[in-house]
Amino acid sequence: FKSILSFDTSEIPPGATIKSATLRVRRRSQKGWNPFLVQGPCQVDIMEGPFGTAKLEKSDFETSAMAEGVAVLSPVTTDGAFSKAVLSDEGLNAINKGGITQMRVYCGTPPLGKALRGFVKFYAGSPCNPEDSPTLEIVYTP
């Protein structure tokens, strides 16, 4: 239940003040248990990166974050719905101005004694349907 998202934040000038940032992902489908309901809220970390073009490795998901727990995704219960997360001040300060900002999204572990069989899929980036792609909306002043 971990994912890494990359956003091009290179257009933000180095001296800009970031006022707010909202991550938005669109639910595609679900099978079995909904991790939002069983495991609790999904957290967002900002990672040091970029990871580049190489295949992601297990260690990429386990490495320490530059800023941990900077947002919590809102739970989604229906396909096609959007899950949103508003970044904290720590998250705003960790956005990579003039580069790439990478986020790790993850849910907690299932409650003790609960076998979890299920998952939620979110749309990945797609040039065909940009409205389905994850977005990071950033409001800043130069």
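**Exercise 1. Find which residue of β6 stands opposite D45, and describe the sheet around the pair.**

Step 1. D45 stands opposite R104 in β6. Strands here are DSSP runs of E with at least two residues, and helices are runs of H or I with at least four, numbered from the N terminus. This is a predicted model: local features need pLDDT of at least 70, side-chain atom pairs count only at pLDDT 80 or more, and totals for chains, interfaces and linings use all residues. Residues are numbered from 1 along each chain as its sequence is written, and side-chain values use heavy atoms, with hydrogens and water left out.

Step 2. Look at the two strands. β3 and β6 pair in the antiparallel sense over five bridges. Two strands pair if DSSP finds at least two bridges between them.

Step 3. Widen the view. The order β1-β6-β3-β4 makes an open sheet of four strands, with antiparallel pairing. β1 and β4 stand at the edges with a single partner strand each, so one side of each has no neighbour in the sheet. Strands of a sheet pair through backbone hydrogen bonds.

**Exercise 2. State how many salt bridges there are, and work out what each one links.**

Step 1. Apply the rule. A salt bridge is a side-chain nitrogen of Lys or Arg within 4 Å of a carboxyl oxygen of Asp or Glu. The count is three.

Step 2. Take R104 and D45. Their side chains form a salt bridge, 2.9 Å from N to O. R104 is in β6 (residues 100-106) and D45 in β3 (residues 42-47), so the pair ties together parts 59 residues apart in sequence. Both R104 and D45 are buried. Buried means under 20% relative accessible area, exposed over 50%, and partly exposed in between (1.4 Å probe, protein chains only).

Step 3. Take R26 and D132. The closest N and O atoms of this salt bridge are 2.8 Å apart. R26 lies in β2 (residues 17-32) and D132 in the loop between β7 (118-122) and β8 (135-141), so parts 106 residues apart in sequence are tied together. R26 is partly exposed at 23% relative accessible area. D132 is buried at 9%.

Step 4. Take R27 and D79. Their side chains meet in a salt bridge, 2.9 Å from N to O. R27 is in strand β2 and D79 in the loop between β4 (67-73) and β5 (82-86), 52 residues apart. R27 is buried at 4% relative accessible area. D79 is partly exposed at 46%.

**Exercise 3. Identify the residues that touch the most other members of the largest nonpolar core.**

Step 1. Define the core. It is a set of buried Ala, Val, Leu, Ile, Met, Phe, Trp, Tyr and Cys residues joined through side-chain atoms within 4.5 Å.

Step 2. Name the residues. Of the 25 residues in this core, L23, V44, L87 and I95 touch the most other members. The elements giving two or more residues to the core are β1 (2-8), β2, β3, β4, α3 (89-94), β6 and β8.

Step 3. Follow L23. Contact means heavy atoms within 4.5 Å. Beyond its neighbours within four places in sequence, L23 is in contact with residues including L5, V44, L87 and L136.

**Exercise 4. Decide whether T9 is buried or exposed, and say where T9 is found.**

Step 1. T9 is found in the loop between β1 and β2.

Step 2. T9 is buried, with a relative accessible area of 4%.

Step 3. Not counting residues up to four places away in sequence, T9 touches I95, G98 and I138, among others.
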